[in-house]
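Work through the exercises below with the model open. Try each task before reading its solution.

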Amino acid sequence: MALRKSSKIPHAAMLRQILKRCSSLGRNQGVHPTDVPKGHFPVYVGVNRSRYIVPISFLSSPEFQSLLQGAEEEFRFDYDMGLTLPCEEVVFRSMTSMLR
């Protein structure tokens, strides 16, 4: 029986990178959002880029990881305003309501 390499290590590294980028977003522009509680981070969703504050625990969800991979593919994490997820707002709200 062949041993499979664990896929958790690349995901963990990806999550650390995302958290690092999210925590430094406002610092580059001299803005520190005071409405983001500890253990949370902002994301922007939909055509209007509506802002949502989500708990860091969402990062372990396969559904949320899928959105992050889509963001990486579409935007290459190259954003000026914040982490933008390629998802319709209604779909995002539905998904996050199931994760809570």
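Accessible areas come from the Shrake-Rupley method with a 1.4 Å probe; for residues, only the protein chains shown count as cover. The model is predicted: local features need pLDDT of at least 70, side-chain atom pairs count only at pLDDT 80 or more, and totals for chains, interfaces and linings use all residues. Residues are numbered from 1 along each chain as its sequence is written, and side-chain values use heavy atoms, with hydrogens and water left out.

**Exercise 1. State the surface and burial of the protein chain.**
- Step 1. The accessible surface is about 7,000 Å². Carbon and sulfur atoms hold 54% of that area.
- Step 2. Buried means under 20% relative accessible area, exposed over 50%, partly exposed in between (1.4 Å probe, protein chains only). Of 100 residues, 35% are buried.

**Exercise 2. Where is confidence lowest, and where is it highest?**
- Step 1. pLDDT is the predictor's confidence in each residue, from 0 to 100. Helices (H or I, at least four residues) and strands (E, at least two) are DSSP runs, numbered from the N terminus.
- Step 2. Helix H1 (residues 8-23) is lowest, at a mean of 60. Strand E2 (residues 50-55) is highest, at 93.
- Step 3. Where pLDDT is low, the predicted coordinates should not be read in detail.

**Exercise 3. Which strands pair with E1, and in which sense?**
- Step 1. Two strands pair if DSSP finds at least two bridges between them.
- Step 2. E2 pairs with E1 in the antiparallel sense, over six bridges. Val 43 has Tyr 52 as its bridge partner in E2.
- Step 3. Strand E3 (residues 84-85) pairs with E1 in the parallel sense, over two bridges. Leu 85 in E3 stands opposite Val 45.
- Step 4. Check the cover: five of the six residues of E1 (residues 40-45) are buried.
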